[in-house]
Amino acid sequence: MFYVFSSPAAIAEHLSQQLLEHIRNKPDSILGLATGSTMEPVYAALLKQPALQDTDLSRLTTYNLDEYIGLPASHPQSYNYYMHHHLFDTLGLKAEQTHLPNGLCSDCNSECSDYSAAIAEAGGLDFQLLGVGSNGHIGFNEPGTPFDSRTHVVKLSETTRIDNGRFFDSMDEVPTHAITLGIQDILDAKEIVLVATGEHKAETMNLLYRTPADPQMPATALKLHPNVRIYLDPAAASRLPQEALYHVE
Ligand code: F6R
């Protein structure tokens, strides 16, 4: 389950090749995408893959995990803005190919149920990319979220708001709520890769390794899925026992 690479750049190179191969083998792939610092090198490496030039992206569909409530797509900290800036605009994907929850929803409950339904109707996620919060959240599924949850509105925990406060000028500007794909939606994906890099994720990975599936540690839901890989750099893997690790050359 835990694969250790020499550096975040080595993870980005491997994972971007894997994503591209996935798209080339199945041009109508439905990808589940994540934002956050961890994904930035992955998307940057994908855009540099030479094989991207002759890859047909016209039938690709993407669904992002989450979006803050209250930020317009034009806000530099919205996940919509992030995805356009780091990936979609350079890939040249059409608007109808990419999906994020609408953080300016007036009827957010309908927005949530429509989002899960749209993914299911499209045929389900082929490949889900995940980061992980220091409290073990996946998407914005905070500790205590039931494993059978679907897309829902979440009140962000103070840990998450403080972690993400680094992207905002002041804590007052950090949104209090978000929409996230539910844990069951994530577990419905056919294949999942979670990436964690840096010393600040080492204890989270230690807890993930030692805790049986438990809603108080949302990432442990992945232990219920048959096709999950967790990609770590040496810093994030530093508190795991050697026998738990597969070292990738
Ligand atoms: C982002 C997301 C979050 C992040 C997590 C880690 O779409 O779903 O779960 O993956 O908060 O964020 P970083 O990578 O910034 O440490």
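## Contacts with the ligand

A backbone N or O atom of Gly139 lies 2.8 Å from an oxygen atom of the ligand, a polar contact (a pair of N or O atoms within 3.5 Å). Ser37 also uses a backbone N or O atom, 2.9 Å from a ligand oxygen, while Asp66 brings a polar side-chain atom to 2.7 Å from an oxygen of the ligand.

This is a predicted model, where local features need pLDDT of at least 70 and side-chain atom pairs count only at pLDDT 80 or more, while totals for chains, interfaces and linings use all residues. Residues are numbered from 1 along each chain as its sequence is written, and side-chain values use heavy atoms, leaving out hydrogens and water.

## The surrounding shell

In total, 14 residues surround the ligand (a heavy atom within 4 Å); the closest are Thr38, Asp66, His137, Gly139 and Lys201. By class, three residues of this shell are nonpolar, eight polar and three charged, with Gly counted among the polar ones.

## A salt bridge across the chain

Ten salt bridges turn up in the whole structure, each a side-chain nitrogen of Lys or Arg within 4 Å of a carboxyl oxygen of Asp or Glu. One of them pairs Arg150 with Asp188, with the closest N and O atoms 2.7 Å apart.

Key
A polar contact is a pair of N or O atoms within 3.5 Å; within protein, one must be able to donate a hydrogen and the other to accept it, and residues adjacent in sequence count only if both atoms are side-chain atoms.
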